[in-house]
Amino acid sequence: MITGEIAPKECIKVHKTEAFDADLHACNLTDWQQEYDQTSRGNFHGSIVELAFGDLQVFREQTSQALHQKCIVWPDSVWLGIPQDKQKESRINGLKIRPNDIMCRPGSCEFHLATPQEFDIYGLVVKYETLMQTARIHGVTIDNRELTTYGRLSVPNKILQDVRFLLTRLLNTQGNGTANRMTRDIIMIALLELLKTETPEPARTRSYHHRKRVVDAAREFIRTNPENPVTITDLCQATHVSRRTLQYSFESIVGISPNQYLRISRLNCVRRALLQSDGEENVTDIASQWGFCHMSQFAKDYGNLFGERPSETREWRALLTG
């Protein structure tokens with residue numbers, strides 16, 4: 001867990017990591033619990049540039065492929081996600097992020113992101129106690145409900161552009177790549193500027209909450225039935241809705257059809273198992289555990305999604321572990 005503040009003269013280094021697998025990339029963000037599923041076709045590349053000040057974390061994350069992300073931020077904190085300007089559409093818990101929106105979730109609270117190809121986002125995580133103490137010092141009133149309830153906040157474009165410019169400069173790895181206590185204070189002031197001017201953007205319709213419950217129930221059913229080849233009929237029965245409602249729920253909340261989600265989520269589970277296995281199980285055994293019975297079709301689908309054969313993933317795993 002990230003704790004403590006930096007000493008007045010202590011310098012913190014900008015830390016950069018890269019990965020060529022979505023789920024391995026998800027593990028590179030300090031003190032987050034994350035699981036990434038790749039949803040667009042091709043080889044993955046991701047990078048994270050990060051500064052950790054103890055009670056404040058700031059980073060820039062770039063990913064080449066579309067992803068479904070399951071995330072939990074470290075406890076007693078608040079996360080703000082600021083997509084770069086003119087990004088393709090992303091979603092937090094099924095809510096669309098519009099040009100002037102930022103994302104916001106409390107620590108220890110699972111949330112889901114759907115991000116497009118070539119996604120670029122800044123993240124700020126601050127310990128809740130630190131945020132409130134700093135707000136009191138600067139005379140800023142912060143509504144706790146807005147930080148913890150809605151998921152997205154609307155911010156004036158000028159403020160967003162100024163904060164993006166600041167974070168770009170601070171996370172520039174081409175310079176000396178260090179920061180100090182003054183840098184931390186500048187970031188905290190920028191964070192307060194965001195929260196002074198934000199407006200909550202809640203889901204405005206009952207239908208959203210119903211669709212979200214349908215998708216959550218379907219995801220849970222898939223997760224708890226890994227070895228069975230789950231069908232759309234199974235999902236309709238498990239969620240107590242019609243095929244049409246299931247289809248519409250997935251397309252509006254996740255951005256893809258339930259059929260696509262079934263196939264993609266299980267392919268990602270196979271890849272995750274291949275990367276985590278000790279080499280004793282072969283590819284066929286692992287694929288079968290996730291409901292794939294026709295190996296030729298499985299291998300074709302796997303290659304189309306990840307840009308490599310399952311056997312190449314095993315070889316890559318062997319290289320990683322030495």
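Rings of Phe, Tyr and Trp, the last taken by its six-membered ring, are paired if their centres lie within 6.5 Å, and planes under 30 degrees apart count as stacked, over 60 as edge-to-face and the rest as tilted. In this predicted model, local features need pLDDT of at least 70 and side-chain atom pairs count only at pLDDT 80 or more, whereas totals for chains, interfaces and linings use all residues. Residues are numbered from 1 along each chain as its sequence is written, and side-chain values use heavy atoms, with hydrogens and water left out.

**Aromatic pairs and the cluster**
- Ring pairs join W32, F59, W79 and F111 into a cluster.
- By the pairing rule, the count comes to eight aromatic pairs.
- One of them is tilted because the ring centres of F250 and Y261 are 5.3 Å apart with their planes at 50 degrees.
- This pair links distant parts of the chain, 11 residues apart, with F250 in helix 8 (residues 243-253) and Y261 in helix 9 (residues 258-276), helices being DSSP runs of H or I with at least four residues, numbered from the N terminus.
- F250 and Y261 are both buried, that is, under 20% relative accessible area with a 1.4 Å probe and protein chains only.

**Helix 11**
- F298 and Y302 form a tilted aromatic pair, at 5.7 Å centre to centre and 55 degrees between the planes.
- Both residues lie in helix 11 (residues 295-306), four residues apart, or about one turn of the helix.
- F298 counts as buried because its relative accessibility is 2%, and Y302 counts as buried because its relative accessibility is 0%.

Notes:
Helix = DSSP H or I, 4+ residues; strand = E, 2+ residues; numbered from the N terminus. Buried < 20%, exposed > 50% of the residue type's maximum accessible area, 1.4 Å probe, protein only.
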